[in-house]
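These are my notebook entries, written as I looked through a structure that was new to me. I went from one topic to the next and wrote down what I found.

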Amino acid sequence: MEFSASTPIYLQVVDEIKRLLMSGELKPGEKLWSARDMALKYQINPNTAARVYKELETQQLCYTKRGLGTFLTEEPGIAEKLRKEKAEQLIEHVVNELTALGYTKEELHKLLENAF
């Protein structure tokens with residue numbers, strides 16, 4: 001994984017784990033790697049890996065079972081919820097950028113239609 005200098009590494013890894021969950025590569029309830037294994041997998045500091053898990057827990061996307069490890073949330077529909085949130089963020093960004101360039105709603109519809 002290539003990291004961008006503009007965003008903290010731990011947030012980039014959080015986004016990658018969310019992407020894996022949204023794409024189905026990781027399943028709800030699945031056991032995640034240990035912090036040490038995550039550090040090796042993403043070539044990050046173990047403290048950064050621990051921060052990834054702390055952020056995922058803050059976002060209620062994982063939980064820890066003492067002595068067993070860290071697991072993705074089992075919340076029904078979590079992958080679809082994350083996909084919808086991501087799509088809305090991307091669409092909002094694109095619409096804002098293109099309207100700043102002077103595109104109208106109708107022109108944006110045509111652009112989107114042509115893209116498909």
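**Entry 1, the largest pocket.** In this predicted model, I looked up the largest pocket and noted a volume of about 270 Å³. Its lining includes Ala87, Leu90, Ile91 and Val94, and also Lys105, Leu108, His109 and Leu112. I then asked which elements give two or more residues to this lining, and they are H4 and H5. The largest share, 6 residues, comes from H4.

I located Tyr103 in the loop between helix H4, residues 78-100, and helix H5, residues 105-115.

**Entry 3, the strands.** I followed strand E1 (residues 62-65) and strand E2 (residues 69-72), which pair in the antiparallel sense over 4 bridges. For Lys65, I noted that the bridge partner in E2 is Gly69. The two strands, E1 and E2, form a hairpin with 3 residues between them, and in the turn I found Gly67 with a positive phi of about 80 degrees.

**Entry 4, salt bridges.** How many salt bridges does a search of the whole structure find? I recorded 4 salt bridges, and I looked at some of them in detail. Glu16 counts as buried at 18% relative accessibility, Arg19 is partly exposed at 37%, and Glu25 counts as exposed at 51%.

In helix H4 I found Glu80 and Arg83, also 3 residues apart, in a salt bridge whose closest N and O atoms are 2.8 Å apart. Glu80 is partly exposed, with a relative accessible area of 48%, and Arg83 is partly exposed as well, at 45%.

Last, I looked up Glu75, which is found in the loop between E2 and H4 and counts as partly exposed at 32% relative accessibility. The C-alpha atoms of Glu75 and Phe116 are separated by 32 Å, and these residues are 41 residues apart along the chain.

Definitions and conventions. Residues numbered from 1 in each chain as written. Predicted model: local features only at pLDDT ≥ 70, side-chain atom pairs only at ≥ 80, totals over all residues. Heavy atoms only, no water. Pairing = 2+ DSSP bridges. 1 Å grid on protein atoms, 1.4 Å probe; cavity = no way out; pocket = protein on both sides within 12 Å on 5 of 7 lines; lining within 4 Å. Points joined across faces, edges and corners; volume = space filled by probe spheres on them. Buried < 20%, exposed > 50% of the residue type's maximum accessible area, 1.4 Å probe, protein only. Salt bridge = Lys/Arg side-chain N within 4 Å of Asp/Glu carboxyl O.
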